[in-house]
Amino acid sequence: MACNHEHCTGHHHTKDEIEEREEKEERKKEVILYVIAVVIFLVTFIPIIPEGVKIAFYVLTLVISGYELFLEGIKNIFHFKFEEDTLMTIAVIAACCLGDFREACLVVLLFSLGEFIEDLAVEKSNKHIETIVDMKTETANCYKGNEVVVVPVEELKVGDKILIKPGEMIPVDSKVLSGKSQLDTSRLTGESEPITVTEGQEILSGNSNLSGSLTAEVIKEYKDSTASQIIDLVYEATNNKGKTEKFITKFSRIYTPTVMILALAISLIPILLGLDAKTWITRALVFLVASCPCSIVISIPLAFFSCVGVLSKKGLLVKGTKHIEALAKAKTICFDKTGTITTGKMVIDEVSKNEDRKEFFSYLYSLEHLSNHPIATSIENEIQKQEWKKEELLQQVLQQEEIAGYGMKGIIQGKQVLFGNQKLLDRYHISYEDDLNKKGVYLAVDGKLYGYIVLKEEIRNKAENLKAGLEKIGIHKIVMLTGDSLEKAEEISQKIGGIEVYASLLPKEKLEKVEEFKEQDKVIFVGDGINDSPVLATADFSISMGEGTQIASNTADSILISNQIATLPNIIKTAKSSMKIIYFNMIFSLLTKLIVLILGIAGYAPIWLAVFADVGVTLITVLNSIRIYRK
């Protein structure tokens, strides 16, 4: 069966390679034709060539380098679609009618060169997006009894058992049943360092298996899995346009017909007044070509598209380019605490020093190993950290009982074992020193205090410098809004640089705080997406911690798939840089066109300069938009 899978995969790659080879051949053909056209055009500068032969060469140049332009332009004229091809075709035809064949050839050659380079730039941008959404595998290795069968990924059901071999992508969100391996999570989180996974851990689709084979149980069908939702969101984001993009679309619809009318007026009014017809028709053509809004219409959406792509690679999925502007303008950021600044998990911060450490954890693990409580998870994590074997620590527990509000008790090897809070010690009359660590969870064996552990909330990875990073990029107000006690909140706040804290808040009070901050500045809210839906919906830009959550149905404007809040300063900086590039493109395009338009009406700009004001400016702004990837 494995052979079938390899055959399918090989066929898929062969198809991609054929398409890529065809694209290269087509591009090569375009380059050869363009070079031939340029050579023919240059021949016309030889003085001894008769004028009639020159005209033939001009026509040949126009046909070779501009046939696609003319076909599209003439079709658009009949459909009353006044786009770039239409304006260029009108300009070339008019120049030929006026006898300016050399000028007409220059227009076509410059336009073709600009289009070719522009296509390469846009293609490069699209390839960046393709790498983000290239996280779907077509097939999966599914167990049917004892046999492994290759099936389409869409056929997998919750509960199916699958085999993920080294080098394969995880097809759907799953839970590891057996095996140990390292995963490349860079497609989802932007993190280049692999993570180790073993039995019992959840693994997300879109990640790649690097080393060992894994047997896993499907926990989500493909349509509900992380990879599928991400792909849908990335494509949806490019269609969900913001104010700037919508303005550009409306602007071009009004602008182009207005320009056509003005160009007509520039040519007709002087002729009716008895001025030279050729001069004013030429000036009208310059005006027509230079005023084409392509640089704005192409580069602005491309810049937003590029920004969405870059943010996705950094682990933030934005649900539409319309949200980029709000993210870039924000001056205030509010964080939820549990599940946002912290992971929502407890870790062991301190272990008492007098006990036999391994025996101590053997008691703890034996009592807690069947529990889903955060304390049980922290004990398992500590055992894994110490590299002890669980089966060696696990002992039989008799008369096991969970005492609500106190802890656990049981009989291990004939000894009464208690594990819980100080109230549990008092209940069973266990004596202890007055200076007992009040933050501890205690273990007592046969009526004597054996030891204790102190737990702490786990801070998100690399979050220690979060406040400094946010202040550096212009976020002036950094706040924690939590329902927890002030003491706990302050402790966590100090660990990330000492941010402003509002504690013991009900959900309604969190909402009121965000609305209060919104009166001063644009506000970002970062929450876990579970308890914070009203606040996420209210903030100017909202971020939900998202690994493994129901991404598509979340109320937030974006999902931080990586769960790494330490990346937020860099993410916000990217949005700010992108908006600067977008504003530059708009101002540069409009100013350049205005200058050339004025020069054209005054008679100081030839048609080739008008082509530069269109194609050249478009090329510059497109390349500037792609610069977002480098920044």
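## Sheet and surface patches

Three strands make up an open sheet in the order E6-E5-E8, with antiparallel pairing. Its edge strands are E6 (195–197) and E8 (208–209), each of which pairs on one side only. Strand E5 (residues 181–184) runs antiparallel to E8 and is joined to it by 2 bridges, and leucine 183 stands opposite asparagine 209 in E8. Strands (E, at least two residues) and helices (H or I, at least four) are DSSP runs numbered from the N terminus, and two strands pair if DSSP finds at least two bridges between them.

This is a predicted model, in which local features need pLDDT of at least 70 and side-chain atom pairs count only at pLDDT 80 or more, while totals for chains, interfaces and linings use all residues. Residues are numbered from 1 along each chain as its sequence is written, and side-chain values use heavy atoms, leaving out hydrogens and water.

On the surface, Glu26, Glu30, Glu68 and Asp119 gather in a patch of negative charge, whereas Ile55, Val59, Val63, Tyr67 and Leu71 form a nonpolar patch with about 430 Å² of accessible area together. Patch members have over 30% relative accessible area and no salt bridge, with like charges joined within 9 Å and nonpolar side chains (Val, Leu, Ile, Met, Phe, Trp, Tyr) within 5 Å. A salt bridge is a side-chain nitrogen of Lys or Arg within 4 Å of a carboxyl oxygen of Asp or Glu. Accessible areas follow the Shrake-Rupley method with a 1.4 Å probe.

Note on methods: Lys and Arg count as positive and Asp and Glu as negative; His and the chain ends are not counted. The place of a charge is taken as NZ of Lys, CZ of Arg, CG of Asp or CD of Glu.
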